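Hi,

Here is the structure we talked about. Please open it alongside this message; my notes follow below.

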Amino acid sequence: MILEATMPSTTSSNLEDEFNPRLSAEARFDSAAAKLQLDDGMQKVLRTPSRELIVHIPVMLDDGRLEVFTGYRVQHSIARGPAKGGIRYAPDVSLDEVRALAAWMTWKCAVVNIPFGGGKGGVICDPPLLSDSELERITRRYTAEIFDFIGPEKDVPAPDMNTNEQTMAWIMDTYSMHARQTQAAVVTGKPIALGGSRGRSEATGRGCMIVTDQALRRLGLERGSTRVVIQGFGNVGGMAARLMARAGYKIVCIIEWDGAVYNAKGLDIAALMNHRKETGSITGFAGGEDIDKTEAMFQETEVLIPAAKENVITSQNAHRLRTRILCEGANGPCTHFADPILSDKGVFIIPDILANAGGVTVSYFEWVQDRQGYFWSEQMVNDRLEEIMVNSFQDVVAYADKHGVNNRLAAYMLSLDRVAQAIRLRGIYA
Ligand SMILES: NC(=O)c1ccc[n+]([C@@H]2O[C@H](COP(=O)([O-])OP(=O)(O)OC[C@H]3O[C@@H](n4cnc5c(N)ncnc54)[C@H](O)[C@@H]3O)[C@@H](O)[C@H]2O)c1
């Protein structure tokens, strides 16, 4: 058993710990650091964020009241390049959460070997209660407050929960106004008209397909006879479903928050998308049958892609999964308590920091294109994405084979090793 050191008991009293993303990330860090025999000093460096900024943003609301919002930006590591990571707007954003997510970005960028460190930002606010102009003012003032901290060579934000292309356009504009010149490369996830990359919106789902293709090759499976169950029919799950169906996979089941739809012969994904557009739900689709959404994830399949949210596979249900391959489209869909159960079952896991890294990889391409001032065709973006995802998959499984560990631990070990190596080569400046 590989993650024995972190295998806790599964009483309800520690369920709260099980669902804490910071503890999950730390448990995986600890396992990888121990296996790599990283010395204590290096572990301290890698555990600790480089810089943390807290800003308090005064914003005039539409009704004339003045409100103060709190925002964060954390740079976990800049050892391998500028910090990279999203900005989220939500009422429950906390410094602790932003710290954990920034570290996660460091490992994700390192596992796909792109020249970025990890960062994350957030503003405590409730977007559904705010108008567009209030959100614009929050965004612009937040950008002005963190202006010295970010930049194409320092820290490159991107969209995350409740932020989008428009938010990135406001950040790019505000930053450029302060810099007195247009600086498109300060953020990624921009509209294409402002220097965004072709292929970005499909990139994460496409990345999931590319690594699943690699897993099939390794396990001697064929696309045409491979059943796929996908939880979440949004950006990641919807794109993965569309691309994989087109490539010949049998997408037998889609699970959403309000129901699940099944067809043993494979769903017509384009028709299901139209159905959802017309009715607002995937249920009641003529090309499939509605099934119990809570049981759908546990049906027998070759590939399961959880692409909705975190903590869906836990110590309580991991033993019930009947999939050969688990491709983690979402961030943190499996708790660290579920890891040893899945490992014992022999599920071939493509861990989130690898499986969903297609998004940050095409963000990297966006940054490169903005700095070049030369924009690539969609085909070129897709080809280069494929090259990076295939190489990263091969690196992870080779690492797993070499060290006799599972893929998740291998991905963490590989990324910790890469960041530690960069720090050793640069030396500690004092
Ligand atoms: N979008 C990206 O490029 C990207 C990149 C890396 C990681 N991720 C991660 O992937 C996950 C999904 O992101 P997204 O951008 O596709 O979000 P999204 O909001 O576009 O899609 C999520 C979908 O999941 C559905 N959903 C929510 N709760 C559910 C539940 N309990 N059961 C089934 N379905 C449920 C939602 O209705 C929605 O359709 C998140 O964990 C995100 O952090 C996204």
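Lys120 and Asp160 form a salt bridge, with 2.9 Å between the closest N and O atoms. Lys120 sits in strand β4 (residues 118-124), while Asp160 is in the loop between β5 (155-159) and α6 (165-179), so the pair ties together parts 40 residues apart in sequence. Both Lys120 and Asp160 are buried. Bear in mind that this is a predicted model.

That pair is one of 30 salt bridges in the structure. Side chains of opposite charge can pair when their charged atoms come close. Here are further cases.

Arg408 meets Asp339 in a salt bridge, 2.9 Å from N to O. Arg408 belongs to helix α15 (residues 407-426) and Asp339 to helix α11 (residues 339-345), so this bridge ties together parts that are 69 residues apart in sequence. Arg408 is buried, and Asp339 is buried too.

Asp395 pairs with Arg418 in a salt bridge, and their closest N and O atoms are 2.9 Å apart. Asp395 is in helix α14 and Arg418 in helix α15, so the parts tied together are 23 residues apart in sequence. Where does each partner stand on exposure? Asp395 has a relative accessible area of 30%, so it is partly exposed. Arg418 is at 15% relative accessibility and therefore counts as buried; the cut-off for buried is under 20%.

There is also a network of salt bridges. It links Arg22, Glu26, Glu52, Asp96 and Arg99.

Now the helix pair. How do α7 and α14 cross? The axes of helix α7 (residues 200-219) and helix α14 (residues 378-403) come within 9 Å and cross at roughly 45 degrees. The two helices are therefore oblique to each other. The crossing of α7 and α14 is right-handed.

The residues in contact are these:

- From α7: Glu202, Ala203, Arg206, Gly207, Ile210, Val211, Gln214, Ala215 and Arg218.
- From α14: Glu378, Asn382, Leu385, Glu386, Met389, Val390, Phe393, Gln394, Val397 and Asp401.

By class, the α7–α14 contact has 9 nonpolar, 4 polar and 6 charged residues.

Best wishes

Notes
Residues numbered from 1 in each chain as written. Predicted model: local features only at pLDDT ≥ 70, side-chain atom pairs only at ≥ 80, totals over all residues. Heavy atoms only, no water. Axes fitted to C-alpha atoms, helices over the stretch in contact; angles between N-to-C directions. Helix = DSSP H or I, 4+ residues; strand = E, 2+ residues; numbered from the N terminus. Parallel < 35°, antiparallel > 145°, perpendicular 65-115°, else oblique. Left-handed = near helix turned anticlockwise from the far one by under 90°. Contact = heavy atoms within 4.5 Å. Nonpolar A, V, L, I, M, F, W, Y, C, P; charged D, E, K, R; others polar. Salt bridge = Lys/Arg side-chain N within 4 Å of Asp/Glu carboxyl O. Buried < 20%, exposed > 50% of the residue type's maximum accessible area, 1.4 Å probe, protein only.
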